[in-house]
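Colleague: Please take me slowly through one part of this model, beginning with the whole and ending at a single place.

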Amino acid sequence: MASSVQYTGTNYPEIKEFCGNRVLAPYFCMGFNMLSLWTKEGYITVNEGDWIVLGDDGEFCVK
């Protein structure tokens with residue numbers, strides 16, 4: 001069963017625990033907190049409010 005966590009812009013420790021070494025430290029750009037997540041498509045941006053989903057196949061996606 002898939003599991004997920006929402007990125008709030010202030011919960012990087014929770015995201016790091018969930019994603020391990022597949023996530024880069026957050027950065028601030030144009031008034032928003034973002035971070036980068038390694039997926040099978042390469043690095044993708046995770047914005048505040050996005051959900052990081054760990055699928056049954058062990059791969060991450062962002063919704």
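Modeller: Accessible areas here come from the Shrake-Rupley method with a 1.4 Å probe, and for residues only the protein chains shown count as cover. On that basis the protein chain exposes about 4,000 Å², and carbon and sulfur atoms supply 58% of this area. The model is a predicted one, in which local features need pLDDT of at least 70 and side-chain atom pairs count only at pLDDT 80 or more, while totals for chains, interfaces and linings use all residues. Residues are numbered from 1 along each chain as its sequence is written, and side-chain values use heavy atoms, with hydrogens and water left out.

The protein chain has 1 helix and 6 strands, these being DSSP runs numbered from the N terminus (helices are H or I with at least four residues, strands E with at least two). Read from the N terminus on, the elements run β-α-β-β-β-β-β, and the C-alpha atoms fill a box of roughly 35 × 20 × 20 Å along the principal axes.

The part to look at closely is strand β3, which covers residues 32–39. An open sheet of 3 strands has the order β2-β3-β4, with antiparallel pairing, where two strands pair if DSSP finds at least two bridges between them. In this sheet β2 (27–29) and β4 (42–47) stand at the edges with a single partner strand each, so one side of each has no neighbour in the sheet. Between β2 and β3 there are 3 bridges, and Cys-29 stands opposite Phe-32 in β3.

Leaving out residues up to four places away in sequence, Val-46 touches Asn-33, Met-34, Leu-35 and Leu-37, among others, contact meaning heavy atoms within 4.5 Å.

Thr-39 is buried, with a relative accessible area of 1%, where buried means under 20%, exposed over 50% and partly exposed in between (1.4 Å probe, protein chains only).
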